[in-house]
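Me: Hi! Could you walk me through this model while I have it open?

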Amino acid sequence: MAAPLTLLLIVAVTIRAVLFRSSLAELISERVEVVSPLNAWKRVVEGLALLDLGVSPYSGDVFHETPLMIYLFHFTVDYAEIVFMIADGITAVALYLSIQTYNKNVFRKQKYALESDRYPADCLELLRSPKEMFYIPLKVAMFYLLNPFTILSCVAKSTCGLNNAIIALFIFCTLKGSALLSGILLALATYQSIYPLTLFAPALLFFLQRLYIPVNLRRSSFWFFTLQYAFIYVGSLVVITGLSFFLLGSWDFIPSVYGFIFSVPDLTPNIGLFWYFFAEMFEHFRLFFICVFQINVFFYTIPLSIKLKEHPVFLIFMQIAIISIFKSYPTVGDVALYMAFLPAWSHLYRFLRNIFLVSCVLLACSALFPVLWHLWIYAGSANSNFYYAITLLFNFGQILLVSDYFYAYLRREHHLIHGLYLKKKDGTEATLVLK
Amino acid sequence: MGLLSDPNRRKALTNLLTRLNAPICMVCYLAAIVWFMGLAFEPFTLRTYMSENAMGSTMVEERFSSGERALSLAKEFDAHKTKAGGMPVEWLVKAMQARGLEVFTQSFSRKLPFPDENKERYMVRGTNVYGILRAPRAPRTEALVITAPCSPGNSNNQAVGLLLALAQYFRNQIFWAKDIIFLVNEHDLIGMQAWLEGYHHTNITGMEYSPLQGRAGSIQAALSLELSSDVITSLDLILEGLNGQLPNLDLANLFYAFCQKLGVLCTIQGKLQRNDWDTAEGYTHAAQTMMLMVLKQACGRSWGDHGLFLRYHIEAASIRGINGFRHYKMDVATIGRLLEGMVRKLNNLLERLHQSYFFYLLPSLSRFVSIGYYMPAFGLLAVILLLRVSFPGLMLHVCFSVSLQPSGPGVLTVLTPVVISHLTGVALYLLPVHLQEMAVEHFPVSETEAVVLTAVAIYTAGLALPHNTQRLLSGEGTEQGWKVLKLTALLYLAVLLGCTALINFSLGFVLAVTLVPITASMTPHMPKALSALAMVLLSPAFTILYCVFIYQELIEAPVSVSEGWMLFLSVISQGILDHALYGSLVYPLLALFVYPCWLMFWNILFWS
């Protein structure tokens, strides 16, 4: 399996290298769908210039990256293109290995359950075969590397690619069972963009499941492990933040990065939901609605963790998707990360209801973004409402996609327990409805 | 959401759509045509009205009276033009300076990719002359432009004369709040392009020009003037710009309002307005006017010098004097007053024109159809494509079964035709211009003919490809294969037409009307010869041919078949030139996207 992956990596790097050299690169790096104020390369360069002049990179309100990132590029700015290509490669390989491990686990569990005869007789067709699962890791890597969204993001040198790499490494370490590395990487991801904070819950659930510790609030072993993991996480977060302070010698970065993420002062249009809403709003409602909008990202963690506590990997997917939909400055690079997981759930296809509609919507929206941007900004004949309508539709499509996968996953689990052909009490055929 | 999540209702809906698919599609198509034709019916249209406050209530009094001077200036200009054998730069500079303007010149040169036979030019070299009247009343941050092209022969002299007379008159007024730029451009659109690129410091078409020495503020609006005779009977308003872009409707309203006020006969598309909308003739007249606008907009070229301004977010229109309706006559002074009024109202603007519509069709100058009314006509056509996508019901499952197959020949069967048809498209886009030298060497044709005939040849050669594709696949095409290809092609066409219609409704609609019926019904099981003929007759090239004939019919200059063919060839060469010179997008759109998409359906027909 190493050969196809290598080939895939070579193809992906070639495409990126060609695009980096073409005249398209400049055009792409200006697109609001691809870069946000948070991760635009232009702003990183500005921050580097300020740093070289001995000024705080955060003075001037242009640069909003974390201090570690700017020091990374301080040394590698001449090789930036290579850094971004390597980051994409790392993400793909990490996802590949994670899904491989995950599939092995799933298959082992399925074998035990089969041997102990826990599945109803009529749902054998729902079980997964090794043949079908063999190509899934490769497909995951392919979905990430060859996704036009990832390619655009990489060619635009959006630092989103690096964040994705950290999250992918975090997933890899988690699935490999290394609590220490997982905690550190999660802290790093949180440090980068705050929102991955919500991945704490699935990671914790995964480790508990792996160590056969039941989720029981009255058990000391549960609390012991939770505190241990939380300690690793918080400890590394403190260390990283402290390190940033010592690198820069000031706390400027806290308001400039995290304040910027939370209070959404930059209303440049993007594919998210924030900009239009806050551009239209009266100033005195702002605080309230910022709370309402930001809580969306964190709020779903609790119900989802309860519902999916047996399936932490699926929960990770759900959380990443929710982050990329509801975060304050989303770009297509974020969307690409959770879309890479879709082949891992390919066995759910038979339960998906709107996948066709959703893929049409997402496809059409991707084509309409630049068209409506052109009409609004260049031709002047349309206005922001046109663009926002497409943003809304795009997010509607994403939400429908995620909820569809959620439904399909739960339904498959339901069938695995209750049998595939459900009967009502009076013997007629029953249908499952998500309510 | 109930419809999406309740399985029973979903099933009912799917059943209904599957069972009644063909009838629904037919009804949609007919409804789209009827809806579109209904747009010209007066009770279904809205009366135009001035939306912009700054131009509405403030009345201005026009006092321009130096019509005679304009005509004598025109004669003088004519004499100097003949003497100089082109633009009389020195005379113009002196004349403008004498009227108290800051005068500058800009020289430019452009080598066309191949000779333009319509206008007989290849190496173009020229000079633009412009004078700026500085605003006495305000900081010089905004400007208006009045242009008159310096055309070869003795046409358009009166426009330049009037321009100079207006400059002299405006110089004595004190109420200007915006700088006014008087521009005389040589070589019509090429000069205009050079001037605009110089003004905005851009270079998108590879034009060589000297930088502008003087400039005013950001340009708010522009008027282009075309007058070719001393006596004018009516004024024609031209709105269609590059890529089918239109100026704000308020500009048309402004023109119409002043025509009404001064009692000037005004036309659009060269057609007078009629008042008998309830008779068949009245309706036909309105429909013809609207169809002309649709055809002009669809072809994506700039129909007057104003068209290039629109790209820079500047509202602009051309006003052309016509000497054709014998009973009405007006002197140049009246036109001067009309322009004075329009410029003074534009001078009152506090912000860019934005209140009124940007997307509209005009069945007459006093009536308009807004985007909300005409989009359903296109929407009904797009719905057909989406219905056909869902039609065989199994399309969806086909798609996933293909993506689930581990070895992946399913994806490959679709990918090969898609790639090959797009490569053909790229060839159609690149080769005609690049191969002209070779073609001229080997065949007894001129460069222009070489370019056009190469394009036609590649287009035709593309039709022979599907058989080769099948060979390349090395094997029989499966039943599933063509279904997946059709699914891809239908989605592709729907997205493509949707995007086109948003930017240029007319082009999207014209393409949809011809492409949708055949593509929606295409399967490999149809009688080959008959459906191949139908497909060719409804292909993009034939659409252009039909448009040429219909256009000629509508402007009441019907042509014979051979003349039509020659016109068709010249339309193609003009399309390629427009793309190279001004960046019109119609040719690349047709060559790189629409034609490959059509080839994919052609491929389905010959799926073995």
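Reply: Happy to! Counting over all chains gives 19 salt bridges, where a salt bridge is a side-chain nitrogen of Lys or Arg within 4 Å of a carboxyl oxygen of Asp or Glu. This is a predicted model, so local features need pLDDT of at least 70 and side-chain atom pairs count only at pLDDT 80 or more, while totals for chains, interfaces and linings use all residues. Residues are numbered from 1 along each chain as its sequence is written, chains are lettered from A and ligands numbered from 1 in the order in which they are written, and side-chain values use heavy atoms, with hydrogens and water left out.

Me: Thanks. Which residue does A:K42 form a salt bridge with?

Reply: A:K42 pairs with A:E30, and the closest N and O atoms are 3.6 Å apart. The two are 12 residues apart: A:K42 sits in helix 3 (residues 41–52) of chain A, and A:E30 in the loop between helix 2 (24–28) and helix 3 of chain A. Helices (H or I, at least four residues) and strands (E, at least two) are DSSP runs, numbered from the N terminus.

Me: Is A:K42 buried or exposed?

Reply: A:K42 is exposed, at a relative accessible area of 59%, and A:E30 is partly exposed, at 47%. Buried means under 20% relative accessible area, exposed over 50%, and partly exposed in between (1.4 Å probe, protein chains only).

Me: And are A:R412 and A:E413 buried or exposed?

Reply: Both A:R412 and A:E413 are buried. Their side chains form a salt bridge at 3.7 Å, N to O.

Me: Over to chain B. Where do B:K178 and B:E142 lie?

Reply: Their side chains meet in a salt bridge of 3.3 Å, N to O. B:K178 is in the loop between helix 7 (157–171) and strand 5 (179–186) of chain B, and B:E142 is in strand 4 (residues 142–150) of chain B, so the pair ties together parts 36 residues apart in sequence. B:K178 is buried, with a relative accessible area of 2%. Also in chain B, a network of salt bridges links B:E102, B:R134 and B:D179.

Me: New topic: which residues make the nonpolar surface patch?

Reply: A:L7, A:V11, A:I15, A:M142 and A:L146 make a patch of about 380 Å². Patches take residues with over 30% relative accessible area and no salt bridge, joining like charges within 9 Å and nonpolar side chains (Val, Leu, Ile, Met, Phe, Trp, Tyr) within 5 Å. Accessible areas come from the Shrake-Rupley method with a 1.4 Å probe, and for residues, only the protein chains shown count as cover.

Me: Which helix gives the largest share?

Reply: Helix 1 (residues 2–21) of chain A, with 3 residues. A:L7 is in that helix and is exposed, with a relative accessible area of 54%.

Me: What's the strand order in the open sheet of chain B?

Reply: The order is 1-12-11, with 3 strands and antiparallel pairing. Strand 1 (46–47) and strand 11 (360–364) of chain B are at the edges with a single partner strand each, so one side of each has no neighbour in the sheet. Strand 1 and strand 12 (residues 367–370) of chain B pair over 2 bridges; two strands pair if DSSP finds at least two bridges between them. B:L46 stands opposite B:F368 in strand 12.

Me: Last one: how many residues does helix 22 of chain B have?

Reply: Helix 22 (residues 561–582) of chain B has 22 residues. Its first and last C-alpha are 30 Å apart, close to the expected 32 Å, which is 1.5 Å times one less than its number of residues. B:G583 follows, with a positive phi near 80°.
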